[in-house]
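This briefing is intended for a reader who is meeting the structure below for the first time. Please keep the sequence and the model in view while reading the points that follow.

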Amino acid sequence: MRKSTLFGILPLLLVLATSESSAHAMLDHAEPRVGNKVAAAPREVTLWFTQKLEPAFSAITVTDSAGQRVDTGKTRVSGSQMSVSLRPGGSGTYHVMWHVLSVDTHASDGNFTFDVAQ
Ligand SMILES: [Cu+2]
(Lines give C-alpha, C1' and ligand atoms only; values in the text may rest on other atoms or scores of the structure.)
Protein backbone atom coordinates (compact mmCIF):
# COMPACT_ATOMS: atom_id res chain seq x y z
CA MET A 1 0.00 0.00 0.00
CA ARG A 2 2.71 2.46 1.02
CA LYS A 3 4.90 1.45 -1.89
CA SER A 4 2.18 1.96 -4.47
CA THR A 5 1.37 5.38 -2.99
CA LEU A 6 5.02 6.38 -3.24
CA PHE A 7 5.25 5.25 -6.86
CA GLY A 8 2.15 7.25 -7.61
CA ILE A 9 3.65 10.41 -6.08
CA LEU A 10 7.16 10.03 -7.48
CA PRO A 11 6.47 11.27 -11.05
CA LEU A 12 4.68 14.30 -9.62
CA LEU A 13 7.67 15.13 -7.38
CA LEU A 14 10.02 14.89 -10.35
CA VAL A 15 7.85 17.27 -12.36
CA LEU A 16 7.76 19.75 -9.46
CA ALA A 17 11.54 19.53 -8.92
CA THR A 18 12.22 20.10 -12.61
CA SER A 19 9.93 23.08 -12.97
CA GLU A 20 11.31 24.71 -9.82
CA SER A 21 14.95 24.27 -10.82
CA SER A 22 14.32 26.28 -13.99
CA ALA A 23 13.33 29.27 -11.83
CA HIS A 24 16.12 30.40 -9.53
CA ALA A 25 15.59 32.96 -6.81
CA MET A 26 15.22 36.24 -8.65
CA LEU A 27 14.74 39.62 -7.05
CA ASP A 28 11.03 40.34 -7.15
CA HIS A 29 11.06 43.81 -5.64
CA ALA A 30 12.91 45.92 -3.07
CA GLU A 31 12.34 48.66 -0.53
CA PRO A 32 13.68 51.29 -1.26
CA ARG A 33 12.62 50.45 -4.79
CA VAL A 34 15.23 49.72 -7.45
CA GLY A 35 16.42 52.96 -9.05
CA ASN A 36 14.09 55.05 -6.92
CA LYS A 37 14.84 58.37 -5.22
CA VAL A 38 13.90 58.58 -1.55
CA ALA A 39 13.64 61.69 0.62
CA ALA A 40 15.82 60.44 3.48
CA ALA A 41 18.40 57.72 4.10
CA PRO A 42 16.44 54.54 4.92
CA ARG A 43 16.99 52.67 8.20
CA GLU A 44 16.97 49.36 6.37
CA VAL A 45 16.87 47.71 2.96
CA THR A 46 14.48 44.83 2.31
CA LEU A 47 14.48 42.52 -0.71
CA TRP A 48 11.76 40.09 -1.78
CA PHE A 49 12.64 37.07 -3.92
CA THR A 50 10.74 34.59 -6.07
CA GLN A 51 11.85 31.64 -3.92
CA LYS A 52 12.60 30.86 -0.30
CA LEU A 53 16.20 31.52 0.72
CA GLU A 54 18.83 29.63 2.71
CA PRO A 55 19.73 32.08 5.54
CA ALA A 56 23.33 30.85 5.95
CA PHE A 57 24.22 31.65 2.32
CA SER A 58 22.21 34.79 1.61
CA ALA A 59 23.28 38.35 2.38
CA ILE A 60 22.93 42.02 1.48
CA THR A 61 25.73 44.60 1.37
CA VAL A 62 25.00 48.32 1.07
CA THR A 63 27.46 51.13 0.35
CA ASP A 64 26.84 54.86 0.31
CA SER A 65 27.85 57.41 -2.35
CA ALA A 66 31.42 57.39 -0.96
CA GLY A 67 31.65 53.62 -1.28
CA GLN A 68 31.57 53.11 2.49
CA ARG A 69 29.68 50.16 3.96
CA VAL A 70 26.56 51.43 5.71
CA ASP A 71 24.88 48.08 6.44
CA THR A 72 25.25 46.50 9.87
CA GLY A 73 26.51 43.23 8.38
CA LYS A 74 23.65 41.22 9.85
CA THR A 75 21.25 40.19 7.11
CA ARG A 76 17.96 38.76 8.37
CA VAL A 77 16.24 36.12 6.24
CA SER A 78 12.61 35.14 6.58
CA GLY A 79 11.21 32.85 3.91
CA SER A 80 11.68 34.54 0.54
CA GLN A 81 12.46 37.91 2.13
CA MET A 82 15.69 39.34 3.54
CA SER A 83 16.64 42.68 5.03
CA VAL A 84 19.55 44.47 6.62
CA SER A 85 19.65 47.53 8.89
CA LEU A 86 21.62 50.61 7.85
CA ARG A 87 23.66 53.06 9.85
CA PRO A 88 22.53 56.69 9.51
CA GLY A 89 23.84 57.99 6.18
CA GLY A 90 23.87 61.02 3.93
CA SER A 91 22.51 61.81 0.50
CA GLY A 92 23.62 60.45 -2.86
CA THR A 93 23.59 57.13 -4.65
CA TYR A 94 23.47 53.96 -2.57
CA HIS A 95 24.60 50.65 -4.00
CA VAL A 96 22.85 47.45 -2.90
CA MET A 97 24.61 44.14 -3.62
CA TRP A 98 22.99 40.81 -2.81
CA HIS A 99 23.70 37.12 -3.14
CA VAL A 100 21.33 34.31 -2.28
CA LEU A 101 21.12 30.56 -2.20
CA SER A 102 17.57 29.46 -2.80
CA VAL A 103 16.10 26.30 -1.27
CA ASP A 104 16.51 24.57 -4.66
CA THR A 105 20.30 24.94 -4.02
CA HIS A 106 20.88 27.42 -6.84
CA ALA A 107 22.95 30.53 -6.16
CA SER A 108 22.24 33.88 -7.75
CA ASP A 109 23.33 37.46 -7.18
CA GLY A 110 22.69 40.97 -8.35
CA ASN A 111 22.93 44.63 -7.50
CA PHE A 112 21.06 47.87 -7.93
CA THR A 113 21.15 51.48 -6.79
CA PHE A 114 18.75 53.96 -5.24
CA ASP A 115 19.23 57.64 -4.55
CA VAL A 116 18.83 59.59 -1.32
CA ALA A 117 17.85 63.21 -1.90
CA GLN A 118 19.81 66.13 -0.42
CU1 LIG B 1 17.04 27.30 -9.38
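Predicted model: local features only at pLDDT ≥ 70, side-chain atom pairs only at ≥ 80, totals over all residues.

Which residue stands opposite Asp 115 in β8? That residue is Lys 37.

- Strand β8 spans residues 107-116, and its covered face consists of Ser 108, Gly 110, Phe 112, Phe 114 and Val 116.
- The uncovered face of β8 carries Ala 107, Asp 109, Asn 111, Thr 113 and Asp 115.
- Strand β2, residues 37-38, runs parallel to β8 and is joined to it by 2 bridges; Lys 37 is the residue facing Asp 115 across this pairing.
- Strand β7, residues 92-101, runs antiparallel to β8, with 10 bridges between the two.
- A hairpin is formed by β7 and β8, with 5 residues between them; in its turn, Thr 105 has a positive phi of about 70°.

- Distant parts of the chain are linked here: His 24 belongs to the loop between α1 (2-21) and β1 (27-31), whereas His 106 belongs to the loop between β7 and β8, 82 residues apart.
- His 24 counts as partly exposed because its relative accessibility is 33%, a value between the limits of 20% and 50%.
- His 106 also counts as partly exposed, because its relative accessibility is 25%.

**Aromatic pairs**

- The structure contains 2 aromatic pairs.
- The ring centres of Phe 49 and Trp 98 are 4.9 Å apart and the planes meet at 70°, so this pair is edge-to-face, given that angles over 60 degrees fall in that class.
- Because Phe 49 lies in strand β3 (residues 44-49) and Trp 98 in strand β7, the pair ties together parts that are 49 residues apart in sequence.
- Both Phe 49 and Trp 98 are buried.
- Tyr 94 and Phe 114 have ring centres 5.3 Å apart and planes at 15°, so they form a stacked pair.
- Tyr 94 is in strand β7 and Phe 114 in strand β8, so this pair ties together parts 20 residues apart in sequence.
- Both Tyr 94 and Phe 114 are buried.

Technical notes:
Residues numbered from 1 in each chain as written. Heavy atoms only, no water. Buried < 20%, exposed > 50% of the residue type's maximum accessible area, 1.4 Å probe, protein only. Helix = DSSP H or I, 4+ residues; strand = E, 2+ residues; numbered from the N terminus. Pairing = 2+ DSSP bridges. Phe/Tyr/Trp six-rings, centres within 6.5 Å; stacked < 30°, edge-to-face > 60°.
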